[in-house]
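Reader: Hi! Could you walk me through this one before I start setting anything up?
Author: Happy to, let's have a look together.

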Amino acid sequence: MNKTDVLIIGAGPTGLFCAHQLGIIGLSCEIVDNLDKAGGQCIELYPDKPIYDIPAVPECTGEELTNNLLQQIKPFNIKFHFRERVEELKKDQNRWHVKTSGGIVFDVASIVIAGGVGSFEPRKFPVKECEKFEGSSLFYSIKDKSIFKDKTISIFGGGDSALDWAIELSNTSKVNLIHRRDGFSGVEASVQKVKELNDQGKLNLFTKYQLDSLSGDKLIESVKIKHDEGEIKEIKSDYVLGFFGLIMQLGPILDWGLNINKKTIEVNTENFETNINGIFAIGDICSYPGKLKLILSGFHEGALAARGCFKYAKPDEKLRFEFTTTSKAAQERLGIKK
Amino acid sequence: MTKIVYHTHKGQTHSIDVQNGLSVMEGAVQNDIPGIDADCGGGMACATCHVYVKEEWLNKLPAKEDGEEDMLDMAFEPKNNSRLSCQLIVSDDMDGLEVDIPSKQG
């Protein structure tokens, strides 16, 4: 059991800055995120795109913003739990117990949900029978590539993941790459490489085709793909891989009894607490009259939610308002030596 | 105001007067039309405002900008008449535009 003052759900900019604000007022926290690194939408959706509306930062990219926030919370040695999604919530007297998809249990005084638009999950095939094969012969990410050796693999998608895996697996497997159009969104060098491999007969490229159906008993035996103009081809296949990027889903948080309105959680604007005492929501996931989905709003919400957490973590103490410029305690927490 | 007609996958039709300058996505979200999620808020970064445009409108709409087709690769069941509704900025020329909302956004 991981015991800490506050559990932050979501390692995007809002969650990271909330961790900073908790650290400044002397509360401990740990952060859970379903992705494999910090940054949330900033890293997953627009790492290289510029942001122009962070106060006092005329321009920065999603990646720079994330790195600066990580730098800013370094003194607090915050523990991150990546590739974990929160699932169960239980009240235990004055504490909350939260269990993740990987079986980690947190024992905390309060929870801050900074989950953006939900946790990122792979986008799946629309075809129904895909579920039956998922995890055995159909995958949306690759954990162990050795299983594909000497097999026939059908890869769907036109982005970098699809292209990179098609190139890599073509060394040891028979690869079909299927994409819905002639153009690709992956980098040009990979597109050229794929076309070269196709010309050399080391890979079969099918464009303007999409998945139509799968057949097989326990494992996939063949796939049917359908051309834009209706023609259907059946190709033998041991494995199917789909790379269609990520989608955001609210997931099990929906069942926690929070007031949810249009996929967002209703909060008050005094300290961004939800309808459940001790559970706060900040950033894109919260809603209140006048809410703006801006990173700067998330910072403000995180600062107030952190202070809202104080009474749950330290019910016998009183929180005094202080400035980092002059507060000895805050500077000690930041590890500043004078 | 320009009339935009949204058909949901359940067969309901919503005819909405949308202010010029807003996107077809915003017109749907502001009027509580179900099925257009717009998770990223109009940044062409998520493909959850995907719609099918009625065939006769396909060539009348502004062409796709770089990136829209790439994002459509990620959409649920993309077709030749797929567009991201966040990229369709409503103007007088679109009066009567009809879009079908897919059964799912992801």
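Author: Just so you know, this is a predicted model. In chain A, residues 24 or more positions apart account for 60% of the contacts with a separation of 6 or more.

Reader: Thanks! How many helices and strands does chain A have?
Author: Chain A has eight helices and 22 strands.

Reader: And what does the C-alpha trace of chain A span along its principal axes?
Author: About 70 × 45 × 40 Å.

Reader: What percentage of the residues of chain A count as buried?
Author: Of its 338 residues, 41% count as buried.

Reader: Switching topic: how is chain A divided into domains?
Author: Domain 1 takes in 2–121 + 247–333, and domain 2 covers 124–244. The C-alpha centres of domain 1 and domain 2 of chain A lie 38 Å apart.

Reader: Now helices. At what angle do H1 and H3 of chain A pack?
Author: Helix H1 (residues 13–24) and helix H3 (residues 62–73) of chain A pack at about 15°, and their axes are 9 Å apart. The angle is under 35 degrees, so H1(A) and H3(A) are roughly parallel to each other.

Reader: Nice. Is the crossing of H1(A) and H3(A) left-handed or right-handed?
Author: H1(A) passes H3(A) in a left-handed crossing.

Reader: Which residues meet there, in H1(A) and H3(A)?
Author: From H1(A) you have A:Pro13, A:Leu16, A:Phe17, A:Ala19, A:His20 and A:Gly23, and they meet A:Leu65, A:Thr66, A:Leu69, A:Leu70, A:Gln72 and A:Ile73 of H3(A).

Reader: How do the residues of that contact divide into nonpolar, polar and charged?
Author: In the contact of H1(A) with H3(A), eight are nonpolar, four are polar and none is charged.

Technical notes. Residues are numbered from 1 along each chain as its sequence is written. Chains are lettered from A and ligands numbered from 1 in the order in which they are written. This is a predicted model: local features need pLDDT of at least 70, side-chain atom pairs count only at pLDDT 80 or more; totals for chains, interfaces and linings use all residues. Helices (H or I, at least four residues) and strands (E, at least two) are DSSP runs, numbered from the N terminus. A residue is buried if 20 or more other C-beta atoms lie within 10 Å of its own, exposed if 12 or fewer, and partly exposed in between; C-beta atoms are placed from the backbone. Two residues are in contact if their C-beta atoms, placed from the backbone, lie within 7 Å. Domain bounds come from an automatic or database domain assignment. Axes are lines fitted to C-alpha atoms, for helices over the stretch in contact, and angles run from 0 to 180 degrees between N-to-C directions. Angles under 35 degrees count as roughly parallel, over 145 as roughly antiparallel, 65 to 115 as roughly perpendicular and the rest as oblique. A crossing is left-handed if the near helix is turned anticlockwise from the far one by less than a right angle, and right-handed if clockwise. Ala, Val, Leu, Ile, Met, Phe, Trp, Tyr, Cys and Pro count as nonpolar, Asp, Glu, Lys and Arg as charged, and the others, Gly among them, as polar.
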